[in-house]
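I opened a new notebook page for this model. My plan is to look things up one at a time and write down what I find.

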Amino acid sequence: MNTTPSSAQPQTGTGAAPRAPGPTDFIRDMVAADRRAGRHAKIVTRFPPEPNGYLHIGHAKSICLNFGIAREQQGQCNLRMDDTNPTKEEAEYVESIVADVRWLIAGWADAILGLKPKGQTPAEQTVKERRDFFQAPARVGAGTDPSTEPFYASDYFAQLYEYALELVRHGRAYVCDLTPADTDAYRGAPDRPGKPSPWRDRSVAENLDLFERMKAGEFPNGARTLRAKIDMASPNIWMRDPVLYRIRHADHHHTGNQWRIYPMYDFAHCLSDYLEGITHSICTLEFEVHRPLYDWILEALHLPRPLPHQFEFARLNLGYTVMSKRKLLQLVQEGRVNGWDDPRMPTLSGLRRRGVTPAAIRHFCTGIGVTKYDGLTDVALFEHSIREDLNRHALRRLAVLRPLKVVLTNYPADLVEQLDAVNNPEDPSAGTRKVPFSRELYIEQDDFLENPPPKFFRLRPGGEVRLKYAYIVMCNEVVKDETGHVIELRCTADLGSKTGGPTAQRKVKGTVHWVSVPHALEAEVRLYDRLFTVPEPDAAGDFKQHLNPHSIEVVTAQLEPALREVRPDLRYQFERLGYFCLDVPDPVANPAEAAAPRPRQAFNRTIALRDTWAKAAPTPP
RNA sequence: UGUCCGAUGGUGUAAUGGUAGCACAGAGGUCUUUGGAGCCUUUAGUCUAGGUUCGAAUCCUAGUCGGACAGCCA
């Protein structure tokens with residue numbers, strides 16, 4: 001912060017109103033205005049994913065917005081499954097969504113997470129002498145209490161049916177016998193008005209009878225629909241008698257075989273918001289044209305409690321990845337990646353397995369702000385948030401990804417020194433550890449060049465380099481195999497240059513990481529790169545053409561022995577290389593892999609360190 | 001040639017009629033037993049044209065460009 005001491009003093013006069021702390025954006029402004037106007041006793045938002053896929057970084061933006069607002073307003077944010085289409089939704093997705101949301105908001109917004117008592121459906125009540133339904137939350141912040149569960153739109157099917165009946169009785173909805181193709185044809189086009197369905201003026205009695213029989217399962221899929229009676233000539237296509245209910249002879253993951261008709265999104269969503277007492281229903285831009293319908297349905301019902309209002313913001317587009325659940329599903333199903341939790345995926349489970357922390361994701365989502373401009377966010381912004389968090393918390397360790405053997409010819413063969421190494425220079429409280437040092441070491445192949453370019457601050461024949469935490473060494477001899485590949489370096493150490501030694505203060509240009517050969521721990525390390533080769537893979541054509549063939553590289557690395565006690569919940573920086581974490585497959589997305597025994601440890605590279613040398617120098621393939 | 005929405009450095013954003021600021025990225029420097037981190041400096045922007053106003057990124061009009069919408073998906 002660049003707050004000067006003087007400006008940090010309390011304001012004396014009653015000048016301009018102080019800025020609200022925390023993020024501001026046009027939605028928060030509106031919430032604050034509603035609050036000031038006394039329109040709501042409590043702000044209630046919701047995060048309403050459809051359980052037809054795994055949550056991704058785009059959902060994280062929505063989660064941070066909805067939970068963030070509720071948190072700032074001491075309100076509540078309901079987690080709700082928007083599950084009105086039984087043919088696309090599965091219980092596995094519900095499970096993953098709940099786990100992902102909990103993971104992302106843990107320690108940040110769990111206190112305002114709205115869940116409901118397990119199995120509960122809306123209660124009937126009387127408000128202003130009118131029949132009303134309300135779905136109360138469980139104690140907010142009930143956390144992992146097993147007697148709670150998310151809200152489900154499908155828990156409102158009975159009430160939704162009642163509301164539909166109400167619309168029919170008031171002549172605001174009718175049963176339509178048009179085939180799907182004819183419904184399309186009658187709807188017209190954006191620049192051409194639609195024409196009324198021939199079934200538009202059925203009697204209330206007939207509509208009631210038909211709708212009842214639709215519910216009873218008397219008609220096949222697609223035979224009839226319930227439609228709102230609005231305006232077939234409306235310039236807004238969603239107001240041209242939109243379908244409210246369709247027939248689906250399909251079992252539902254949450255309601256089983258109870259229903260043969262299922263409500264459409266537009267009908268279910270606004271009413272679900274109402275039933276839960278949502279004050280601000282925040283969604284993405286593509287629903288903007290639906291807002292008149294959202295309002296129409298609620299108003300047509302003359303509901304006794306305050307109505308929710310919809311606000312739209314731009315969804316996240318992130319460079320070098322795809323965000324549509326359909327496309328991500330395709331990658332999973334076609335085996336282009338190894339499941340929803342593949343560390344290359346932008347899914348929350350993928351990012352988690354990759355080692356990205358919830359705090360980094362939240363920092364990123366807060367940083368990009370909330371607007372109605374549909375842009376493309378540079379991944380560098382995300383990478384910055386990831387590095388910033390990891391730099392503060394990761395434990396430093398020495399690891400060599402591509403080993404090159406070094407023999408210190410003047411170092412005793414039977415000597416092993418335990419050297420002190422700091423665990424985290426950003427956090428002294430992380431302490432120190434001992435690292436064994438011996439005559440034979442591994443260094444990184446990249447850290448030696450026989451004929452280096454200028455400004456190569458690493459090892460070269462006749463050159464000197466500092467071994468981190470240890471001695472300055474000089475390369476005396478390069479050993480090659482018969483094909484000319486460098487297989488070993490023979491060096492001498494300046495034995496006085498260790499910390500505390502007489503020549504410890506000598507300046508050498510480069511510092512290099514290393515691992516003692518006899519103490520080295522072998523492990524598999526996966527190096528990830530962006531999944532796609534272009535910033536907008538789905539801009540045109542088949543997005544899969546742009547898949548990066550080098551998005552993963554697996555190496556056998558040599559690690560310092562302290563890594564034997566690696567913890568799955570901690571993050572590590574392999575010095576000079578990047579941030580890594582133990583690979584932990586997601587138990588929901590990847591149950592088989594999660595249960596399988598590991599012959600040896602596997603690490604995932606979350607992200608490489610910023611590397612100004614790599615930018616200046618030609619990078620190896 | 002429908003309706004709705006949007007446009008501020010390369011990217012993401014702030015400025016709510018009154019000095020166009022921040023972060024990322026880029027460049028340069030400093031420091032460093034991580035070519036990391038930190039610290040310092042720096043390049044770069046209001047889509048166009050009119051209008052209102054003492055004063056416009058902001059308000060108005062027109063245009064340009066971009067996006068969303070024609071599922072019995074959400």
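**Entry 1: the RNA strand**

I began with the contact between protein and RNA strand B. I note here that the model is predicted.

Next I looked up which residues surround the strand. I found 71 of them, and the closest are Arg-248, Arg-396, Tyr-469, Gln-573 and Lys-615. By class, this surface has 28 charged, 25 nonpolar and 18 polar residues. Helix H6 (180-187), strand S11 (243-247), helix H13 (379-393) and helix H15 (612-616) each supply at least two residues to it.

The side chain of Asp-82 has an N or O atom 2.7 Å from a sugar or linking oxygen of RNA strand B.

**Entry 2: salt bridges**

I searched the whole structure and got 52 salt bridges. I wrote up a few.

Arg-291 bridges to Glu-312, with the closest N and O atoms 2.6 Å apart. This pair links distant parts of the chain: Arg-291 sits in helix H9 (residues 291-300), Glu-312 in strand S14 (residues 309-313), and 21 residues separate them. Are the two partners buried or exposed? Arg-291 is partly exposed at a relative accessible area of 30%. Glu-312 is buried at 2%.

Arg-353 is in helix H11 (residues 348-354), and Asp-341 is in the loop between helix H10 (325-333) and H11. Arg-353 also forms a salt bridge with Asp-583, here with 2.7 Å between the closest N and O atoms. Asp-583 lies in the loop between strand S29 (578-582) and helix H14 (591-595), 230 residues from Arg-353. Arg-353 and Asp-341 are buried, and Asp-583 is buried too.

**Entry 3: a sheet**

I traced an open sheet of seven strands with mixed pairing, in the order S15-S28-S29-S30-S26-S27-S16. Strands S15 (395-397) and S16 (399-400) are at the edges with a single partner strand each, so one side of each has no neighbour in the sheet. Strand S28 (residues 572-574) pairs with S29 in the antiparallel sense over three bridges. Tyr-572 stands opposite Phe-580 in S29.

**Entry 4: aromatic rings**

I counted 20 aromatic pairs in the structure. Phe-211 and Tyr-245 are edge-to-face, 5.3 Å centre to centre with 65° between the planes. Phe-211 is in helix H7 (residues 204-216) and Tyr-245 in strand S11, 34 residues apart. Both are buried.

Phe-437 and Tyr-471 form a tilted pair: 5.3 Å centre to centre, 55° between the planes. Phe-437 counts as buried at 0% relative accessibility, and Tyr-471 does at 4%.

Last, I checked for a cluster. Ring pairs link Phe-157, Tyr-161, Phe-211, Tyr-245, Trp-259, Tyr-262 and Phe-267 into one.

Methods
Residues are numbered from 1 along each chain as its sequence is written. Chains are lettered from A and ligands numbered from 1 in the order in which they are written. This is a predicted model: local features need pLDDT of at least 70, side-chain atom pairs count only at pLDDT 80 or more; totals for chains, interfaces and linings use all residues. Side-chain values use heavy atoms; hydrogens and water are left out. A residue is near a molecule or strand if one of its heavy atoms lies within 4 Å of it. A polar contact is a pair of N or O atoms within 3.5 Å; within protein, one must be able to donate a hydrogen and the other to accept it, and residues adjacent in sequence count only if both atoms are side-chain atoms. Helices (H or I, at least four residues) and strands (E, at least two) are DSSP runs, numbered from the N terminus. Ala, Val, Leu, Ile, Met, Phe, Trp, Tyr, Cys and Pro count as nonpolar, Asp, Glu, Lys and Arg as charged, and the others, Gly among them, as polar. A salt bridge is a side-chain nitrogen of Lys or Arg within 4 Å of a carboxyl oxygen of Asp or Glu. Buried means under 20% relative accessible area, exposed over 50%, partly exposed in between (1.4 Å probe, protein chains only). Two strands pair if DSSP finds at least two bridges between them. Rings of Phe, Tyr and Trp (its six-membered ring) pair if their centres lie within 6.5 Å; planes under 30 degrees apart count as stacked, over 60 as edge-to-face and the rest as tilted.
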